[in-house]
Amino acid sequence: MAKHVEAYFRTENDAESAKSSLQKYSIEQEAVEPIPEEVDLTPIVPASGSANTGGGTFNFTDVLSPKKDDDAMADKRHLTHVLNFKIPEENYDEALKVIVEHDGHMEQSKL
């Protein structure tokens, strides 16, 4: 069964580069699009915080503390493009690693 993935990036080039790197994992229905202004980026976090990828650490207090929350939201405003694609479940962890390598962000609940 295929999983739907949405990964957010700072630039269109970052999103396109990630898409290119993901081609070896048989992704389908891939599309890079500008993020509409009305999209709520509140639940979006750096993919490097995923326990699945072995990437960086993610501390919820960093997002919840008022001082850091402002910084986190300012960072999210710099996200400009979203990469949507479907990938076979058995390749999902590899896709997360590619997203991390390209400094992608994802919804926390999807990591």
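This is a predicted model: local features need pLDDT of at least 70, side-chain atom pairs count only at pLDDT 80 or more; totals for chains, interfaces and linings use all residues.

Reply: Residues are numbered from 1 along each chain as its sequence is written, and side-chain values use heavy atoms, with hydrogens and water left out.

Me: Which residues of helix 1 are buried?

Reply: Helices are DSSP runs of H or I with at least four residues, and strands are runs of E with at least two, numbered from the N terminus. Buried means under 20% relative accessible area, exposed over 50%, and partly exposed in between (1.4 Å probe, protein chains only). On the other side of helix 1, N13 and S20 are exposed. The buried residues are A15, A18 and L22.

Me: Within what arc do the buried residues of helix 4 fall?

Reply: In helix 4, residues 92–101, the buried positions are Y92, A95, L96, V98 and I99. The arc is taken from the directions from the helix axis to the C-beta atoms. These buried residues line one face of the helix, because seen down its axis they fall within an arc of 160 degrees.

Me: Is H81 buried or exposed?

Reply: H81 lies in strand 4. Its side chain joins that of T80 in a polar contact of 2.8 Å (a pair of N or O atoms within 3.5 Å; within protein, one must be able to donate a hydrogen and the other to accept it, and residues adjacent in sequence count only if both atoms are side-chain atoms). Because its relative accessibility is 12%, H81 counts as buried.
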